[in-house]
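This report covers salt bridges and nonpolar cores. The sequence and structure come first, and the description follows.

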Amino acid sequence: MAKALADAEDFLKKEELPEALRAAREALAAFRAQKAKPSEASALELLAKVQIESSNHLDALQAANQALKIFKELKDGKGEAAATHTVALAHLAKQSPEDGAWKAAEALKMFRKLGDKSGEGLALETTAKCCAMQQDYAKGLQAAKDAAALYAGLKDGAREGASLCLVSEMQVGLDSLDEGLQTAKDALAKGQDAGNKELQLSAVDAVVAACLKRREPEEAANAVQLALDRFRRSDDQKSEAELLCKLAQLHLLSKEPDQGAGPVRDALAVFRSLGDKKGEAKALATQGQILLEEQDAADALRVAESACELFKDLGKKGVDGYLAAFETVVNANLMLGSVEEAFSVAVETLKSFNAKRERKGEAAVLMAIADIQMSRNDLDGALQTLEQAPALFVTVGDKRGEAAAWSKLAQLRFVKNEPGLALRAAEEALSAQRKLGDKAGKAAASQLVAEAHFLLVKFGQGNAREATRAAKDAVSIYQDLGDRAAEAGALYVLANAQLMSHANTDAQTTARKAELIYQELGDGRGQAGALLLVSGGYLGEGEFTEAKDAAKEARDLFRQIGDAGGEDSVEDFLDTLKQYESGQLNRSDFMGFYMKTGELGEEAGVRRRPKEKAVDTALSTIEMITPGEKNQKSTMVLFDGFESRQARAPGQRAGRSGSAAAAGAFEEGLAKLPPPKDQVLYSVRWVQARAKAESDTKADPKLPQKIEDRRINISKDLGQPAKSFGGRCGPTTRTFYAMGEQKGV
């Protein structure tokens, strides 16, 4: 049975995972029959490693823990250290970096006690990878540097180079870009000296990452081309084809799909000549994405379908690639106007994954189906589909997918006007992001929490304090990450939350910070929105002249960038300011703005004042937030807005995420779905219903009026302007929603 164990190791090195799994299980069964505990533990540890590579994370964790238990019973220190490290690797693979770092630290202590330098280096590398997943780059940098120094002492150039790649990743994460680039080049040199092709490819990836962070895509392409030339001279066709694919993907990322067409075509030819099905599938998937980006939907569909067939033959190892190609299939059908065909393909794919009990595939397809349903305006169907996703993600240990599913559920609950359920989903997303250690994800989820509290105000359940706290968390995280565009958006949200709390001076300060960042970014639309928040702060303080000045500055900015809707909206606000100043409206009622962003209409830039009953093709609409009368409100419905939804935004990836039984019931529902609904033309403007005054005496506009806190929220969220490609605020469209009966709050 020692041979079976050796065979399993050999199959694992060759990435022949089904054979490796079979051999490891045969060895384990034989050792158990012989009651050979040391060999059983070794077989369990190897089985765990195979399961990790096969993406069976929970099975891997179970096998590794069983091996660890046996090694402890045998008092085998070396085996215990190795098994502990394998447990850490399993946690890392299932996206549990906190648990992974904890186990890696335990393994590190054991290896040091044993004097095992090689094991110590492996534990340090795993610690660095866990830190990278948590975006704790400072701690990860120290671990990676320690590993590199240790391997240098051992004269192991290949392992030292691998650790240097990690060092580069941490440096780039800390924005030490020059250092990160140089470290990546040092790693590349180590790979060349050692003749290690795998290390050279990893080092090239590190160089590319540093160049892209430096916003030097041409330098990144040059690095790939230089490595490509080296492999061509050495007649290493497989590495050459892999680099050709990388070059094509780089052009795709740089929005130069035409430049990537040639390299990916060459890569495809090489992979086919080598009989490399995995490489061929990857090249076809990339080619499909390029064709789709070039608007050649028919060819993109054909190529992506071929990629799906090849990935399917690879089993579990091909699931991730299959899902990427499947997304292209769906999007190509949608581009061709074949929504029903896209839906049918997705349902058939769901059935296939369900039959194979491939939960990760099920999850991703369910998320894609939900996108298609939303494109058909079937929000109820999309919600039913999405609700199956979180449980599936938990089953496969995919924290990132779980967080994405909860976030999408929260956003859909916003659209459905169910803020109570939106808050629950947003809090689940935040919890998943915390466990994952994804700081940017945590910030985005914090903003969802703030928005949900904002929406709940109209039901007497919202908490302005919680909205402010969550928004502050988002601001702090984005500042730590150095993401200026995201920080500006979070400051916009925070300023609105402060206006909700009538912390008007704080709101002005926050809005000014957002304005400065938007100005630095050259984002006129974001800057104008921030100026409106400044104006709102002045309004709250009764400083009407300053409020008008700030609003006029915002109007002029909208006019400069040709945003007719934004200009109209500010004109509306200036009209309303007169009512506040005269005492017709109570300034204590004012609680903030909502700015809805969307795609540029065909007739954008056409002014609409005076208003006409026509489809609103303007770009921006900003609406005020005010409380309404208790138990009473009046509405003025103006059918002058156009709402439509797309399956997904350009560049947005399908999420991943149901149970087998649920999927069966779900499929029955799919067949009964109604035809796509017509697009809805509407815009709803909420107007406060004013109670008759008990006297004819007008209120002093300079003094806040004492009123009961019975706020009605007229927006869908706190209103961070949506981002277009490149991080700027996208063009905006007039989209509001009626306050239908709340369900499930």
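Glu 120 counts as buried, at 9% relative accessibility; buried means under 20% relative accessible area, exposed over 50%, and partly exposed in between (1.4 Å probe, protein chains only). Its side chain meets that of Arg 112 in a salt bridge, 3.0 Å from N to O. A salt bridge is taken here as a side-chain nitrogen of Lys or Arg within 4 Å of a carboxyl oxygen of Asp or Glu. Arg 112 is partly exposed, with 45% relative accessibility.

This is a predicted model, in which local features need pLDDT of at least 70, side-chain atom pairs count only at pLDDT 80 or more, and totals for chains, interfaces and linings use all residues. Residues are numbered from 1 along each chain as its sequence is written, and side-chain values use heavy atoms, with hydrogens and water left out.

Side chains of opposite charge can pair when their charged atoms come close. The count of salt bridges comes to 46. One of them joins Glu 125 and Arg 159 at 2.3 Å, N to O. Glu 125 belongs to helix α7 (residues 117-133) and Arg 159 to helix α9 (residues 157-173), so this pair ties together parts 34 residues apart in sequence. Helices (H or I, at least four residues) and strands (E, at least two) are DSSP runs, numbered from the N terminus. Glu 125 is buried at 5% relative accessible area, while Arg 159 is partly exposed at 29%.

Lys 197 and Asp 236 also form a salt bridge, at 3.0 Å from N to O. Lys 197 is in helix α11 (residues 197-213) and Asp 236 in the loop between α12 and α13 (237-253), which puts the two 39 residues apart. Lys 197 is partly exposed, with a relative accessible area of 43%, and Asp 236 is buried, at 9%. Elsewhere, a network of salt bridges links Arg 555, Asp 556, Arg 559, Glu 567 and Glu 571.

**Nonpolar cores**

A nonpolar core is a set of buried Ala, Val, Leu, Ile, Met, Phe, Trp, Tyr and Cys residues joined through side-chain atoms within 4.5 Å. The largest has 128 residues, and Leu 243 and Phe 326 have the most contacts inside it. Helix α19 (residues 359-375) gives the most to this core, 10 residues. Apart from this core lies another, of 33 residues, including Ala 4, Phe 11, Leu 28 and Ile 52.

Beyond its neighbours within four places in sequence, Leu 243 is in contact (heavy atoms within 4.5 Å) with Leu 201, Val 204, Val 224, Ala 227, Leu 228 and Phe 231. Leu 226, in helix α12 (residues 217-233), counts as exposed at 52% relative accessibility.
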